[in-house]
Amino acid sequence: MTTNLKEELASLKIDREARGGGSRPGLWITVILLLAAVAGGAFYWWTREPVVQVRTAEAAVRTGAAGAPNAVLNASGYVTARRRATVSSKVTGKVMEIFVEEGKAVKRGQVLARLDDSQLRAQQSVDQAQLAAAKTVAAENEARLKEAELTLGRRQQLVKDKVISKAELDSAEAEVESFRARIALAHQQVEVARRQLDARQADLNDMVVRAPFDGVAISKDAQPGEMISPVSAGGGFTRTGICTIVDMSSLEIEVDVSESYINRVKPGQPVEALLDAYPDWRIPSKVITSVPSADRQKATVKVRIGFDQLDPRMLPDMGVKVSFLADAAPVASAELARARVLVPKAAIRTVDGTSVVFVVRGDRVERRAVKPGGNDGDLVEVISGLTAGDRVVTEGVAALTDGARVKER
């Protein structure tokens, strides 16, 4: 019994020597594999190909002539109106009626609004009464003058007949002169009353706001019941204008030209204008003049440009890009009908005297030589080397080489 128990306990004993000796080769193999994996990862990390972060744009197609090849300067600005007025009243008053709406044409002298004139009309009635009273006083004095002149005539005859004394004659003459002076004063009072009435009528006329010139109302700035004043008063509760009118026949272009290139601009020089709202519509224009003053902050000079022909599509404050031309050579109709491939200016880079772009193909770029044409605002026409739909790199171009890996931001 005891012997069997000892044998069973002996069978449960672990042989540490046999176990340890069999596991050492496997441990070393595991360590070697881990070191190889780490070394491989480090080698890949240090030798991997970098990925360049870029921005891209699609080559666009547009019909029409590109920026004129004879352009000597490009600039951008806005359409402005030389005649533009915020119409207000000459006096402070309460708006009773408004007869204008945004976008409606108005004629010179047309009534735009009426102000409350009840107080002025009451004062006008007083002035009319004062004028009538002055006329009555003048008429009374004129009647009494006639009587005094008759009395003077009789006394002159009585003095000749030596019936009355010379003193009575002098008294009659003085009375005649007195009435003449009163009549002169009465006439002056009549004139004063008449002019006061005219001034009151002028004040009444000022209560009617009229259009100063033909144009279009582009804003309506007051409503019936509001106070209006030619100067700002009363905090934010007093309006300073009824509406803003623009003379659409006075539209022109204003652009800022760098003072470094102002010598390329001269009066009468032909210009091609391109409205941002109508990118395919090229508008012939001419330089009116350069404003003889430079902006010291921006180092620019303002240039005024006039349209050869106005169009209803032209609106104040529209953005516009212009090309100053070396001559007035017309653009051929075939050129106007040609489809053009355009890319941003930033996409084109010059390498060894050759213009190139980087076209994205999957996750890599392909360097491609191109032939640029005329400018079209911020875009450049590509005459050859690209097709519509190609995606070109616009940011990160300087860090690229042919075949480089890229990722779009």
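I take a residue as buried when its relative accessible area is under 20%. The model I examined is predicted.

**Entry: overall counts**

I looked up the secondary structure and found five helices and 25 strands in the protein. Of the 409 residues, 33% are buried. I then turned to the contacts with a separation of 6 or more, and noted that residues 24 or more positions apart account for 75% of them.

**Entry: helix H3**

I compared the length of helix H3, residues 118-160, with expectation: its 43 residues should span 63 Å at 1.5 Å a residue, and the computed distance of 64 Å between its end C-alpha atoms agrees. I listed the buried residues of H3 as Leu120, Gln124, Asp127, Leu131, Ala134, Ala138, Asn141, Leu145, Ala148 and Leu152. Helix H4 (166-206) is included in what covers them. After H3 comes lysine 162, and I noted that its phi is positive, near 60°.

**Entry: helix H4**

**Entry: the open sheet**

I traced strand S8 into an open sheet of five strands, ordered S8-S7-S5-S10-S11, with mixed pairing. Strand S8 (208-210) and strand S11 (238-239) are its edge strands, each pairing on one side only. Within the sheet I looked at strand S5 (residues 93-98) and strand S10 (residues 227-228), which pair in the antiparallel sense over two bridges. Glycine 93 has isoleucine 228 of S10 as its bridge partner.

**Entry: valine 54**

I located valine 54 in strand S1, residues 51-58. Its relative accessible area is 0%, so valine 54 is buried. I next asked which residues valine 54 touches, not counting those up to four places away in sequence. I found Val393, Glu395, Gly396, Leu400, Val406, Lys407, Glu408 and Arg409. I also noted a separation of 7.4 Å between the C-alpha atoms of valine 54 and threonine 394, which are 340 residues apart along the chain.

Technical notes
Residues numbered from 1 in each chain as written. Predicted model: local features only at pLDDT ≥ 70, side-chain atom pairs only at ≥ 80, totals over all residues. Heavy atoms only, no water. Pairing = 2+ DSSP bridges. Helix = DSSP H or I, 4+ residues; strand = E, 2+ residues; numbered from the N terminus. Expected span 1.5 Å × (residues − 1). Buried < 20%, exposed > 50% of the residue type's maximum accessible area, 1.4 Å probe, protein only. Contact = heavy atoms within 4.5 Å.
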